[in-house]
There are 2 protein chains.
Amino acid sequence: MSGRITIKTLAQDLGISHMTVSRALSDSSNVKRETRELVRKRAAELGYVKSAAATAMRGDGTRIVGLIVPNLVNEFYARFANTLALLCEDSDLHLITHLTNDDPERELIAMRKLRELDASAFITVPAPAEGEADARLYQGMHTVQFIRKRALPFDTDSLVVQDTGAIKEAVHHLAAKGHKRISYFGAHAALSSGRQRQTAFIEAMEENALPVAPELIQTAAPTFEVGAACAQAVVSGEVNASAIVCGGFEISNGALDACLRAGISMPDDVAFVGYGDPSFYRWIQGGVTTIALPIDELAQKALELLSPTKSEGVAAQECAFKAELVYRATA
Amino acid sequence: MSGRITIKTLAQDLGISHMTVSRALSDSSNVKRETRELVRKRAAELGYVKSAAATAMRGDGTRIVGLIVPNLVNEFYARFANTLALLCEDSDLHLITHLTNDDPERELIAMRKLRELDASAFITVPAPAEGEADARLYQGMHTVQFIRKRALPFDTDSLVVQDTGAIKEAVHHLAAKGHKRISYFGAHAALSSGRQRQTAFIEAMEENALPVAPELIQTAAPTFEVGAACAQAVVSGEVNASAIVCGGFEISNGALDACLRAGISMPDDVAFVGYGDPSFYRWIQGGVTTIALPIDELAQKALELLSPTKSEGVAAQECAFKAELVYRATA
DNA sequence: ATGAAAGCGCTAACAC
DNA sequence: GTGTTAGCGCTTTCAT
């Protein structure tokens, strides 16, 4: 039972040529109205669906697009994937999501698999990696970098968050509340985004004439564990700070977890500014003050950049969306 | 720049037949070691990847599997998708995730798109719908039903959670604490899972000789809004109940949100048993008591059921995993 | 208005 | 050990 209904099956069933069937189904002009309706009706009855493989092999484009993110557990990525998936559905695109766990090896595998399927475009949160990536992996797929940017031997579109304003605002806010020793937890400078956030934090501290002691700036891999460890150092008194500003999704969750585990009260024991605004932040200690990203706008733009209609040859563009500081109870 | 490297490109480049290239790359026996290595080297240099479309068109199977879930915002689905995606990556399967928002129309579209791509199998959380589904949509794809089961004109594998034990345990626990008016919020009986949970709740109430007043049993669509409305009725005093047991992911989140918004203290004002154990539940009011599902085991089994190796013709199997009541502070 | 042929990338089945 | 042919489903091009 190979079973699949093809235009040839249909043609045989109707006693006509498969070409007539093809034309009838693709709305071509040169088919008798009568024939077309007959074919369509029978196709619907039999549950015919066009083979994407055959279309792809003809070189007509696959309408497959890829999304490569670290994970779907972090609510930011989950929400972004969720919105993008719905938008792709509505644009008749096949979205394939790959996870990297921020491991460059997994990222390579994901890209190879997208290339196997001849994906027309993909959007990726590049995993932290040393050196330049292999250009061959990108052959034939329109690339959009998301959140972070990796050094590449060619230009790509990019979709990033302009969060330096919100980070500075957080520092100013904390300074106005009288905090002098403010600590920053963020990704290391190997990530373009990490470097920028850190710079913004330091500038804001200096603008407030606050000390930027080295132990206040904690940068490492952007993981839950790193965030937890950094916060642990603060709540244990190992690092002397009265406020925390987070510069990454996972780091923020980890830091929050450590604070709550330690039973501290925010902002009384430590003032806390999170990053990424997962929905449950509003439920924690009266609401976690946080740096919120415009997820729906990002996804909308992502769809636009991924759409096959996007004309080739146009210069690569960088789209930046502003993050916003959401004031709640913890800072 | 049509650019794609094919076995013919390679063959021409090396001055040999494309069949030799094919054999060399697929480890076939009849190739000179020397030739094979040469071909492999050149293929790697040029960044050759096998066309999945061509393989699919030959009828060799696509290794594409689908996942159809209501959304990725609910942490249960997100974690399940996350784990399954990693497992699929490791099994060299292409996983395509589709979202339904519990809308049967979206579900239909998702299935048609999977069929276009000739997916070999898919796992679905069926959207709540009336009547029997159209069997033609399932043609050619191995089907696994997840969490819920829809009436179908044929048997399918299924992967469900046996949560009646945990629900009963929750009721016994609350009864032992002296609660007499316990309210249950769950999905309506159109969902197989909803019916079972409700029955379990009622049985447990009767076992404790507690009243099962109609207003205590709230069943409707499994949404955040429904959960919020049900809980609102309790905290406002409109429904007289001292404890809440939730029987659905979104319902649980909605109910929790309403309780927290109302500023109530759990379990003193109302005892609360959630459903699904998202990670942040442990951060709310000292920890939300909840019914936890074994996500990793579910995903592992899902992979097994989806794997193309699964022999055809074997009778459909139902795999059930036990949910577990996790005691925390709110009940 | 309809049909026949060719070709997209790949491999099973045959030559040799 | 290597080459040739054919065919998977579809549409473009060229007949009829």
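Here are a few numbered notes on the structure above, going from the whole chain to one residue.

1. First, some housekeeping. This is a predicted model, where local features need pLDDT of at least 70, side-chain atom pairs count only at pLDDT 80 or more, and totals for chains, interfaces and linings use all residues. Residues are numbered from 1 along each chain as its sequence is written, while chains are lettered from A and ligands numbered from 1 in the order in which they are written.

2. Let's start with chain A. Its secondary structure comes to 11 helices and 12 strands (DSSP runs, numbered from the N terminus: H or I of at least four residues for helices, E of at least two for strands). The radius of gyration of chain A is 26 Å, well over the 20 Å that the globule rule gives for 331 residues, so the chain is more spread out than a compact globule. That radius is taken over C-alpha atoms, and the rule is 2.2 Å times the number of residues to the power 0.38. The C-alpha atoms fill a box of roughly 85 × 40 × 35 Å along the principal axes.

3. How do the two chains meet? In chain A, 42 residues are in contact with 42 residues of chain B (in contact: C-beta atoms, placed from the backbone, within 7 Å). On the chain A side, α5(A) gives the most, with 7 residues. The residues on that side divide into 20 nonpolar, 11 polar and 11 charged. Here Ala, Val, Leu, Ile, Met, Phe, Trp, Tyr, Cys and Pro count as nonpolar, Asp, Glu, Lys and Arg as charged, and the others, Gly among them, as polar.

4. Now the symmetry. A rotation of 180° with 0.0 Å of shift along its axis superposes chain A on chain B, RMSD 0.1 Å (least squares on C-alpha atoms of residues with pLDDT of at least 70 in both). That is the relation of a two-fold axis.

5. Finally, is A:Leu298 buried or exposed? It counts as buried, with 23 C-beta neighbours inside 10 Å (buried: 20 or more other C-beta atoms within 10 Å of its own; exposed: 12 or fewer; partly exposed in between; C-beta atoms are placed from the backbone). A:Leu298 sits in helix α11 of chain A, residues 295-306.

Definitions and conventions. Contact = placed C-beta atoms within 7 Å.
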